[in-house]
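Biologist: I'm new to this one. Can you put it up and walk me through it?

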Amino acid sequence: MTKTLKFVALIAFVGITFAFSKSEPIKITWEILKDVKFSDKWSDEFQAYYAVPSFGNNIKKYNGQEVQIRGYIIPIDIVDGYYVLSANPYSQCFFCGNAGPESVMEIQMKKEYRDLRMDQIITYKGKLRLNKDDIYQLNYILEDAEIVAR
């Protein structure tokens, strides 16, 4: 084989290898998710103020990336498959007044898991989406989420 043909074959092999290799998700912690500040904004629709996030640079870099995070599962609406992952157990979660909105993450699962129970510690992986505009969703959303460990 000529040097040029060998070089082309090597480049093709390396390209194919990278194309089919799956990178590991980035492991993030709840501490990283604290890199957010909130300001109050008035909603005419709800006749109330709500907290608008301003994400810091430490968390912005993970937006749209595949990440992995561990927390306590909180089933909100099992029928509709709406689950939240929390840094804290249910008795100390954001909805109970003992933590902030940065301590919970909406989990949009890739497939249905019927055996999840309150406060079960689970590690998920999925694509992180930062939400500052849709007040009907949480600020942190894990899309296409899959269970990595229980």
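Biologist: Where is serine 103 found?
Modeller: Serine 103 is in the loop between β5 (82-86) and β6 (104-109). Strands are DSSP runs of E, at least two residues, numbered from the N terminus. This is a predicted model, where local features need pLDDT of at least 70, side-chain atom pairs count only at pLDDT 80 or more, and totals for chains, interfaces and linings use all residues. Residues are numbered from 1 along each chain as its sequence is written, and side-chain values use heavy atoms, with hydrogens and water left out.

Biologist: Is serine 103 buried or exposed?
Modeller: Buried, because its relative accessible area is 7%. Buried means under 20%, exposed over 50%, partly exposed in between (1.4 Å probe, protein chains only).

Biologist: Which backbone oxygen lies 2.6 Å from a polar atom of its side chain?
Modeller: That of glycine 100.

Biologist: New topic. What is phi of glutamine 47?
Modeller: Near 55°, a positive value in a residue other than glycine. Glutamine 47 sits in the loop between β2 (36-43) and β3 (48-55). Glutamine 47 is exposed, with a relative accessible area of 54%.

Biologist: And what about phi of aspartate 119?
Modeller: Aspartate 119 is not a glycine either, yet its phi is positive, about 65°. Its place is the loop between β6 and β7 (121-130). Aspartate 119 is partly exposed, at 28% relative accessible area.

Methods
Helices (H or I, at least four residues) and strands (E, at least two) are DSSP runs, numbered from the N terminus. A polar contact is a pair of N or O atoms within 3.5 Å; within protein, one must be able to donate a hydrogen and the other to accept it, and residues adjacent in sequence count only if both atoms are side-chain atoms.
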